[in-house]
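This report describes selected local features of one protein model. Please keep the sequence and the 3D view at hand while reading.

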Amino acid sequence: MSKPKQPTRRSFLKGTAVTTAAVATGAAFANTSAEAAGIPRKWNMVADVVVIGSGIAGTCAAIEAATAGAKVVVLEKDAVPAGCGKLSGGHMTVAATHVQKRNGIEDKPEWLYEDMMADSEWTAVPELIRKYSEGGAEHILWLEQKGIRFADQFQSTSNADRIGNGKSRGHKIAASPDYPGGPHTGGLGMMLMLLRAAEQRGVSILLKHKMTRLLRSEGSGPVIGVAAESEGKPLAIRAKRAVVVTTGGWSGNLRMGLAEDPRLTDDIYPDCWPYRLCLGEGHIAASDVGAELSNMAFGPYLVPRWGSRVYQIWEPQNFDTVPSIHTGLKIPDFQKVVLVKSDGNRYLNEMLGKEENPSPKNPKFSIKLHSVPEHPFFQSYLNLKERPRNVWAVTDGDGAAALGWTRHLDEISNPDPKSGIALYPGMVATAGTLRELASIMMVDASGLDATVSRYNGFVDSGKDTDFGRPVLSSKIVRGPFYAAKLAILKHTCRNGIRVNTRGQVLDRAGLHDEGKVGSIDDERVIPRLYAAGECAHYLGRYRGHGTLGIYSFYGRMAGIHAAAEKSSA
């Protein structure tokens, strides 16, 4: 059998499935009474189902709607399809699958339900978690039918993989000759195969097409379409059956971040790739037509970067390249550094910055630091009074060599561009003396001198009387001295639009309804409006990774039910 041809982004752009060309424009929003009511005078395009966003939820919604016979148009504001899914790790927490069974792992949907609810501190939406837990096994088969392969090794993606019933559930995308990507960048291949499946079903993905608002008829009427723009031209796109919002999170929207947590100022960097494009447009547009928003205040994952403030580097941006995720300096041993702020003083026990930490919910398990934004490492940084925050890890020549920094910083004018340091040279420093280093760092020189001297005394005495740091083993004494600035990146700002198990958006007018409160499936909905993915509220305070599973699953649910709506005249 001949080796299958690896699909590329170019193969999509050759056809009609994915295009950057805008449809013909006209005076779609003339100054009429219809416009005042939000209804355009004429439509530039008509489809059965309009999907906003081409990430994993949107693409899965489009596939299911098109499979059901609907004409589907996907609007994507970026020049490259597939949203944040293409740069994800490509793993998902699912239970009772055939992948587990072939590896001798017993699991049950009920166990996953219990563990996900417990890990959310019971703030996740029970009906949504239960339906996902029960449908996950079929969902993995559905993804495999689209050409996606799953590895026989499982990834620990959350406490729900381990707490309670303790099963291996982190299904990873396996490498394949059919698509690029590997164990840490499986999302690239996953999204490529899903885009191919959408193309095969006649889905049109319009690139550089940004949704500006949803169009809902007066009163409690249905959503009838979308206002959009492409290259400065306004468009009105009619949806004969439904609109599905899958616009992702709000990491890049500074105002939304401040609304949820006033500490998320502009030095909690929103411009890291790929989340700088997640501006919460879906949340805003859905709210404007009456949607309920919920549980956004728990905040994002907070990712630390040292000497850089970029999450990923992906150049050139096409499906033939794999992104780099190692974009900053590493601190594998916090015994080699002290952390200081603008006045040159320490402000916490540096050992809290270790990447692996005991889980606050189950101390016998370790978790990734960024999975717990309420961890003391992040809280101490967020609670600093100075703005902008200015925190540096400082070490000496021996420490820099042990940490692996010197190969990057000895030639600071020409660092490795794949490390991310080249993008932000002001976030690394090296100098012959501590006072010279302090000048580059813009911290108080006397304060830094005194802090390092005091810290070295703690190493001699074996006791940190300021912050109780254990195992003091490395002095900072021999120049040249080195420093890397700390950047905290916003990642995965999830939750928001309330939906039911069919993916229908709940109408906040229903909050006025009196009487018995029952299932979310009994609550009032905005007719013909659906939402799925990171913009929708499923998970409450659940901090696990592996959420591509629930996002893609409910993308499918939204697509199936959107296509089943009766077509309007």
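## Model and confidence

The model is predicted: local features need pLDDT of at least 70, side-chain atom pairs count only at pLDDT 80 or more, and totals for chains, interfaces and linings use all residues. Residues are numbered from 1 along each chain as its sequence is written, and side-chain values use heavy atoms, with hydrogens and water left out.

pLDDT is the predictor's confidence in each residue, on a scale from 0 to 100. Its mean over the protein chain is 89, and 89% of the residues reach 70 or more. Over residues 1–17 pLDDT stays under 50, and the model has 32 contacts (heavy atoms within 4.5 Å) for them beyond four places in sequence. Residues 29–36 also stay under 50, with 11 such contacts. Where pLDDT is low, the predicted coordinates should not be read in detail.

Helices (H or I, at least four residues) and strands (E, at least two) are DSSP runs, numbered from the N terminus. Two strands pair if DSSP finds at least two bridges between them. Strand β6 covers residues 170–173. Three bridges link β6 to the antiparallel strand β4 (residues 91–93), and T93 stands opposite G170. Two bridges link β6 to strand β5 (residues 150–154), again antiparallel, with F150 as the bridge partner of I173.

In a regular strand the side chains alternate between the two faces of the sheet. In β6, G170 and K172 point one way, and H171 and I173 the other. All four are buried (under 20% relative accessible area, 1.4 Å probe, protein chains only).

## The β12-β20-β23 sheet

Three strands form an open sheet in the order β12-β20-β23, with mixed pairing. Its edge strands, β12 (293–294) and β23 (536–537), each pair on one side only. β12 runs antiparallel to β20 (residues 496–498) and is joined to it by two bridges; L293 has I497 as its bridge partner.

Helix α9 (residues 281–288) lies across β12 and β20, at about 45° to β20. Axes are lines fitted to C-alpha atoms, for helices over the stretch in contact, and angles run from 0 to 180 degrees between N-to-C directions.

## Helices α3 and α15

The axes of α3 (residues 56–67) and α15 (residues 548–563) come within 7 Å and cross at roughly 35°. Residues in contact include C60 and E64 of α3, and Y551 and R556 of α15. The contact residues divide into nine nonpolar, three polar and two charged.

How values were computed. Buried means under 20% relative accessible area, exposed over 50%, partly exposed in between (1.4 Å probe, protein chains only). Ala, Val, Leu, Ile, Met, Phe, Trp, Tyr, Cys and Pro count as nonpolar, Asp, Glu, Lys and Arg as charged, and the others, Gly among them, as polar.
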